Each structure stands twice: as C-alpha cells, then as structure tokens.
Amino acid sequence: MAAEQIAYTAKEFSPAVPEWLNKGDNAWQMTAATLVGIQSMPGLVILYASIVKKKWAVNSAFMALYAFAAVLICWVLLCYRMAFGDELLPFWGKGAPALGQKYLRGRAKVPESKHRGYNDVDDITEPLYPMATLVYFQFTFAAITLILLAGSVLGRMNIGAWMAFVPLWLIFSYTVGAFSLWGGGFLYHWGVIDYSGGYVIHLSSGIAGLTAAYWVGPRLKCDRERFPPNNVLLMLAGAGLLWMGWSGFNGGAPYAANIDSSIAVLNTNVCAATSLLVWTSLDVVFFGKPSVVGAVQGMMTGLACITPGAGLVQSWAAIVMGMLSGSIPWVSMMVLHKKCSLLQKVDDALGVFHTHAVAGLLGGLLTGLLAEPDLCKLILPFDTRGAFYGGNGGVQFLKQIVAALFVITWNVVSTSIILLFIRLFIPLRMPDNQLEIGDDAAHGEEAYALWGDGEKYDPTEHGWHTSQFSEVAAPSPYVNGARGVTINL
C-alpha cells in the first residue's frame with residue numbers, strides 16, 4: 001500500500017504538475033481567458049462588421065482583428081509586466097518580456113499586490129496555476145479594451161494611424177490604469193475597488209474613445225446622418241458572444257474557481273438581463289417600438305455596470321444596478337447627448353462614451369455604495385464595505401470617485417498626446433474621397449458582392465438590366481430605425 005501511495009504521489013506531482021498547482025483553478029482560468037478572448041475574436045469583430053454601413057464592414061472588422069493581434073505581441077514583449085510586474089512608479093510597473101520558460105512555468109503572482117499591512121500569506125494572494133495562464137488571461141482584457149475604444153472612431157480613422165495608435169495607447173495608457181488598480185499601484189493599496197474592469201476597461205475605453213473621436217474628426221455628414229446596420233441578425237450573433245463571454249470576464253476575476261466566481265457569473269447575467277429589459281421598455285414608452293439595436297445597447301450597459309462589483313454585491317443589488325444601467329445611460333444617450341454641444345460636435349460612432357464610460361463609472365460608484373461586507377472578505381485583501389452598509393462605506397465611496405477622476409484625467413491627457421504625436425507623421429482621418437468609398441479605398445476589399453446601404457433599388461445600377469425585368473417592383477428601402485432617429489451603440 002505504501003509503495004502504491006508513493007507511486008501515485010510521484011505521478012500526481014510531476015514536473016508538469018507541481019505540488020502547488022490546482023488543476024481545477026488552472027482549467028477554469030484558461031477557460032475564462034478563452035471566453036474573454038471569444039468576446040473579441042470573433043464577438044466584437046462580428047458585431048462591428050455588421051452594425052456599421054456596408055461600405056465600412058471590412059474596415060471595422062479589421063480594426064478589431066488587428067488590435068487583438070498587436071496587443072498580444074506587445075503584451076508578452078513588454079506590457080504585461082508594466083501592468084502586473086515590479087513597481088517602477090506608484091502608477092506604473094517595470095516593463096520586461098514575459099516570454100522565458102522559467103518565468104512562465106513558475107507559480108503565478110502579482111508581486112506588488114500583497115496588501116501592505118494586511119496579510120503576508122502567499123497562499124492567499126497568489127493563484128494556484130502557472131504564470132503563463134495569468135499572462136494570457138490578462139492579455140484578453142487588454143485586447144478588448146482597445147477594441148471597445150475602436151468603436152468610437154469607426155468609419156473614418158486612417159488605418160495606418162490606428163495601427164500606430166494601438167501599441168502606443170497600450171503602453172502609455174492601459175498599463176497605467178491596470179497597474180494602479182490591479183497590479184499593486186497606489187489606487188490598489190489605497191483600497192479602491194475595481195473587481196473586473198469597470199474603471200480599467202470600460203471607463204478608460206469610453207473616455208479614450210471620446211477623446212480619440214475628437215482628435216480624429218467626424219465621419220462624412222451623410223454617414224453621421226444615416227449609418228444603418230448592414231446585418232442586424234449578424235449583429236445579434238456578435239452581441240450574444242459578447243454576453244456569454246462575460247461569464248469568463250467577471251467569473252475569472254477571483255483568479256480561482258471559488259464561491260465568489262459563481263456569484264460574479266450569476267450577478268453578471270442578472271444585471272445584463274435587467275438592463276436590457278429596462279432599456280427596451282424605455283424605447284417602447286418613448287418611441288413606440290422596441291429596437292433590436294437598443295436591446296444590445298441595454299445589454300452592453302448592464303454588463304459594463306456590473307463589472308466593477310460583480311462578485312461583491314448581492315443579487316438583489318445586481319437587479320438595482322441593472323435598472324440604473326438600463327436607464328441612466330439611456331438618458332445620457334437619448335436626451336443629454338442631444339443637448340450637449342460637445343457631445344454633438346464629437347462623432348463617437350458607436351456611442352462608446354455612453355455604453356462604457358457612463359455605465360462603467362456608474363458601476364464603480366454603485367459598488368462603493370452596495371459592496372457587501374461578507375462578500376468583500378471572500379476576495380479583497382482589505383476590510384471594506386459599501387456606504388449602504390455603514391461603517392467605512394462612506395470613505396469607500398469617496399475613494400471610488402477619486403479613482404474615477406484619475407482614470408478620466410489620465411486617459412484624456414495620454415490619448416491626446418499619443419494622437420497629436422501620431423498626427424505629426426500620419427493623418428488621423430482618411431481623406432473625404434476615400435471616406436465616400438469606404439472599404440474598397442482602405443483595403444481594396446468589400447464585404448458583400450451585393451448592393452445595399454439602404455438606398456432604393458435601381459434596375460439600371462443593381463442586378464439584371466434587361467428590359468424583361470424593367471417592370472419588376474423594387475423592394476422597399478431599408479429605413480434606419482423605426483423611430484427615424486440615429487441609433488448609437
């Protein structure tokens with residue numbers, strides 16, 4: 001029996017399965033990383049390709065595709081350790097490659113994340129899987145942030161400028177927010193809560209997207225006035241991948257397959273569903289018909305809102321957050337947007353400011369109000385609670401406000417400097433003659449060998465031209481939305 005036990009132990013703890021490795025945690029973390037990756041590839045690639053006018057389908061999809069690939073290479077060469085490595089500055093880590101096998105085979109850890117004065121037990125603060133898993137998991141978050149940002153500048157940004165912008169923004173903007181809030185920076189040690197990226201991802205991408213849209217300039221007037229989706233059903237397929245992938249987005253945040261992960265997954269879906277229903281109800285009340293694009297917007301704001309507190313709030317609070325995320329961003333998009341001269345001037349193509357910046361900020365503030373003390377103890381290395389539960393909750397809410405101001409300021413400044421630098425060498429906006437053409441001018445390719453951007457059928461230009469078909473009735477033109485208003489995502 002003893003010999004069998006020794007043989008079993010030797011087999012169980014081999015060089016490929018060290019004693020510290022938890023197979024369940026490792027399997028879940030790799031699954032969660034894959035789910036988040038699928039949100040971008042193919043989720044947002046499909047969503048972007050289908051929600052824009054036909055002439056921009058290829059360009060929009062390619063911007064997402066390029067960002068995913070470029071971020072991965074920059075991430076392993078330099079940026080992972082800028083976000084999760086040793087401290088260089090209170091808001092920035094020391095950049096270095098994450099490629100060596102000795103580094104990647106070792107037990108995952110975020111060296112600066114041991115909360116000062118709270119605990120010194122490595123087993124609590126370090127995940128039970130290899131560094132390679134953590135590097136890839138965090139890459140998928142960095143990639144989706146850039147892709148969300150791209151939604152603000154679709155339909156006119158010079159592809160060369162975008163290709164230069166992605167690595168620069170990753171280095172000088174994303175890594176700062178990630179280190180400050182997640183990697184052991186000053187906001188992390190101050191006790192700011194950002195469970196899975198309400199500030200690091202959504203507030204950052206929304207603010208940076210609006211800033212980029214300002215510097216790049218607007219689409220053509222005809223595109224701003226009429227920008228119908230070229231395939232609503234395909235848009236829903238992309239949105240579905242995004243929603244289902246969010247279980248990995250928030251469920252992977254605890255770095256383990258534990259109770260908090262389960263709570264985060266449930267709350268994520270509850271909030272998204274509530275927000276979708278509230279947004280759709282508002283569409284029906286004020287415009288008379290439910291909008292499919294509007295439902296996707298409501299889904300998105302719910303997912304962004306729950307992200308900073310997914311594993312820290314009770315499920316009834318997730319419903320409250322869903323109700324607010326389905327209504328406040330709706331008001332900001334449908335009402336305030338039309339009354340604010342700045343928002344009218346800046347052409348945020350898919351309304352990323354409303355669906356991500358507003359929703360992410362809302363979620364971060366609500367987390368400061370609704371974070372439940374016992375749930376906080378499951379994952380946070382410091383004692384805190386939301387203001388709703390008394391105690392030091394009021395202080396926590398103020399910390400959330402200060403952190404949001406830092407993220408907003410850094411993204412406005414860094415994004416502006418990056419784009420002004422790129423503008424010295426590459427035009428940020430495509431010339432008008434290319435904007436009139438779209439994909440064929442930018443890539444020499446088109447998405448469909450079909451006519452249709454909502455124009456009326458003309459038998460002399462579309463399809464068969466012979467006289468025997470000249471009497472065939474033309475199909476109805478596609479109307480941009482049942483309400484006759486511009487829809488933003």
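Ile73, Leu77, Leu78 and Leu99 together make a nonpolar surface patch of about 350 Å². A patch here takes residues with over 30% relative accessible area and no salt bridge, joining nonpolar side chains (Val, Leu, Ile, Met, Phe, Trp, Tyr) within 5 Å and like charges within 9 Å. Areas come from the Shrake-Rupley method with a 1.4 Å probe, and for residues only the protein chains shown count as cover. The model is predicted: local features need pLDDT of at least 70, side-chain atom pairs count only at pLDDT 80 or more, and totals for chains, interfaces and linings use all residues. Residues are numbered from 1 along each chain as its sequence is written, and side-chain values use heavy atoms, with hydrogens and water left out.

Leucine 99 sits in the loop between strand E2 (92–93) and helix H4 (101–105); helices (H or I, at least four residues) and strands (E, at least two) are DSSP runs, numbered from the N terminus. Its relative accessible area of 48% makes leucine 99 partly exposed, since buried means under 20%, exposed over 50%, and partly exposed in between (1.4 Å probe, protein chains only).

I turn now to the salt bridges. A salt bridge is a side-chain nitrogen of Lys or Arg within 4 Å of a carboxyl oxygen of Asp or Glu. The whole structure holds six salt bridges. One of them pairs lysine 55 with aspartate 223, at 3.4 Å from N to O. This pair links distant parts of the chain, 168 residues apart: lysine 55 is in the loop between H2 and helix H3 (57–84), and aspartate 223 in helix H10 (residues 221–225). Are these two partners buried or exposed? Lysine 55 is buried, at 13% relative accessible area, and aspartate 223 is buried as well, at 0%.

Helix H10 also contains lysine 221 and glutamate 225, four residues apart, about one turn of the helix. Their side chains form a salt bridge of 2.4 Å, N to O. Lysine 221 is exposed, with 61% relative accessibility.

A further salt bridge joins arginine 429 and aspartate 432, with the closest N and O atoms 2.8 Å apart. Arginine 429 is partly exposed at 24%, and aspartate 432 is partly exposed at 40%.

Finally, the backbone. Most residues other than glycine have a negative phi, and most peptide bonds are trans. Methionine 41 and proline 42 are joined by a cis peptide bond, with omega about 15°, and proline 42 lies in helix H2. Tyrosine 255 has a positive phi, near 65°.
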